[in-house]
Amino acid sequence: MKDKPPQTPAIQVLERMFSLLDLLASHQDPVSLKALSEATGLHPSTAHRILNDLTIGRFVDRPEAGSYRLGMRLLELGNLVKARLDVRDAALPAMRELHKFTHQPVNLSVRQGDEIVYIERTYSERSGMQVVRAVGGRAPLHLTSVGKLFLASDDPQRVRAYATRTGLAGHTRNSLTELGSLERELALVRQRGVARDDEELELGVRCMAAGIYDDQSKLVAGLSISAPADRLEEAWIARLKETAAQISSALGYRG
């Protein structure tokens with residue numbers, strides 16, 4: 001079987017941008033426009049236009065006129081990716097053990113804007129529940145147990161702003177679509193340390209979630225158990241919280 005030829009971007013300007021970033025990454029010190037142009041084969045004016053746009057986006061810094069280096073935005077994005085990979089790596093073994101205990105899907109989710117994103121899941125056919133949202137799937141914060149954890153960590157002004165932006169649209173008859181109802185629910189989440197989804201995202205499915213914290217005591221993810229509405233057991237709460245605490249500890253959280 002022949003190896004596939006290396007893929008190149010379909011948009012030429014992106015290919016040129018990648019070549020400039022790769023070249024900057026190979027140098028510890030700032031690189032001059034002339035050197036970048038010669039090494040990439042780009043006309044100086046073309047390289048300058050691309051580098052200028054990258055500078056505006058903070059992907060490239062210009063420490064002095066005519067020289068460039070990688071920018072802080074790449075570090076920020078890299079740290080975000082690292083944090084999510086670390087959470088997944090730390091969580092997966094504990095998720096598998098929790099799944100063995102419950103025989104129901106166990107989900108790991110993070111917040112992105114006004115939604116949660118599923119980044120890992122452990123499940124089996126024995127659960128008797130079809131998994132609708134695959135890894136990479138998204139759902140509104142106020143309709144999910146993990147999303148409520150993140151909203152509960154926000155101050156009241158941010159929660160109200162979220163409600164205004166989203167309109168608190170519902171998916172089922174159980175969805176919390178009024179700000180007052182949501183605020184009362186979030187108060188319970190803060191009190192109990194566990195959040196719930198009572199068929200608010202999908203009829204027939206209930207969830208419970210506990211938070212995962214990093215070494216800065218920041219809520220970085222949520223661990224949830226999903227089950228058919230008549231199979232979710234209250235006895236799982238203690239094990240869920242214990243598992244979330246175990247993952248948090250692996251991330252450096254000391255409570």
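User: Which residue takes a positive phi in the hairpin of β2 and β3?
Analyst: Gly 66 does, with phi near 85°. That hairpin has two residues between its strands. One note before going on: this is a predicted model.

User: Fine. How do β2 and β3 pair?
Analyst: In the antiparallel sense, over three bridges. Strand β2 covers residues 60-64.

User: Which residue in β3 does Val 60 stand opposite?
Analyst: Val 60 faces Leu 70.

User: How many bridges join β1 to β3?
Analyst: Two, and these strands run antiparallel. β1 is made of residues 31-32, and β3 of residues 67-70.

User: What is the bridge partner of Ser 32 in β3?
Analyst: Ser 67.

User: So in what order do the three strands sit in the open sheet?
Analyst: The order is β1-β3-β2, with antiparallel pairing. The edge strands are β1 and β2, each of which pairs on one side only.

User: Let's zoom out. How many helices and strands are in the chain?
Analyst: Eight helices and nine strands.

User: What is the radius of gyration, and what would a compact globule of 255 residues have?
Analyst: The chain has 23 Å.

User: What does the C-alpha trace span along its principal axes?
Analyst: About 65 × 55 × 35 Å.

User: What share of the residues count as buried?
Analyst: 41% of the 255 residues.

User: And the accessible surface, what does it come to?
Analyst: About 14400 Å². Carbon and sulfur atoms account for 50% of that surface.

User: What about contacts between residues at least 6 apart in sequence? What share join residues at least 24 apart?
Analyst: That share is 57%.

User: Charges next. How many positive and negative side chains are there?
Analyst: There are 34 positive and 32 negative ones. The centres of the two sets lie 0 Å apart.

User: New topic: β4. How many of its seven residues are buried?
Analyst: Five, which leaves β4 mostly covered.

User: How many bridges join β4 to β5?
Analyst: Seven. The two strands run antiparallel, and β5 spans residues 115-122. One of the pairs has Leu 108 with Glu 120 in β5 as its bridge partner.

User: Which glycine sits in the hairpin of β4 and β5 with a positive phi?
Analyst: Gly 113, with phi near 65°. Two residues lie between the strands of this hairpin.

User: And β9, how does β4 pair with that strand?
Analyst: In the antiparallel sense, over four bridges. β9 runs over residues 219-228. There, Ile 225 stands opposite Val 106.

User: What is phi of His 103?
Analyst: Near 60°. That is a positive value in a residue other than glycine. Most residues other than glycine have a negative phi.

User: Where is the place of His 103?
Analyst: In the loop between α4 (72-102) and β4 (106-112).

User: How exposed is His 103?
Analyst: His 103 has a relative accessible area of 33%, so it counts as partly exposed. Buried would need under 20%, and exposed over 50%.

User: What about Leu 168, what is its phi?
Analyst: Near 50°, again a positive value in a residue that is not glycine. Leu 168 lies in the loop between α6 (156-166) and α7 (179-192).

User: Is Leu 168 buried or exposed?
Analyst: Leu 168 is buried, because its relative accessibility is 3%.

User: Where is the place of His 171?
Analyst: His 171 is in the loop between α6 and α7.

User: And why does His 171 count as partly exposed?
Analyst: Because its relative accessibility is 45%.

User: How many residues apart along the chain are His 171 and Pro 140, and what separates their C-alpha atoms?
Analyst: They are 31 residues apart along the chain. Their C-alpha atoms are separated by 9.8 Å.

User: Last one: Leu 14. Which helix is that in?
Analyst: Helix α1, residues 12-25. Leu 14 counts as partly exposed because its relative accessibility is 32%.

User: What separates the C-alpha atoms of Leu 14 and Ala 210?
Analyst: 41 Å, with the two residues 196 apart along the chain.

Technical notes. Residues are numbered from 1 along each chain as its sequence is written. This is a predicted model: local features need pLDDT of at least 70, side-chain atom pairs count only at pLDDT 80 or more; totals for chains, interfaces and linings use all residues. Side-chain values use heavy atoms; hydrogens and water are left out. Two strands pair if DSSP finds at least two bridges between them. The radius of gyration is taken over C-alpha atoms; the globule rule is 2.2 Å times the number of residues to the power 0.38. Buried means under 20% relative accessible area, exposed over 50%, partly exposed in between (1.4 Å probe, protein chains only). Contact means heavy atoms within 4.5 Å. Accessible areas come from the Shrake-Rupley method with a 1.4 Å probe; for residues, only the protein chains shown count as cover. Lys and Arg count as positive and Asp and Glu as negative; His and the chain ends are not counted. The place of a charge is taken as NZ of Lys, CZ of Arg, CG of Asp or CD of Glu.
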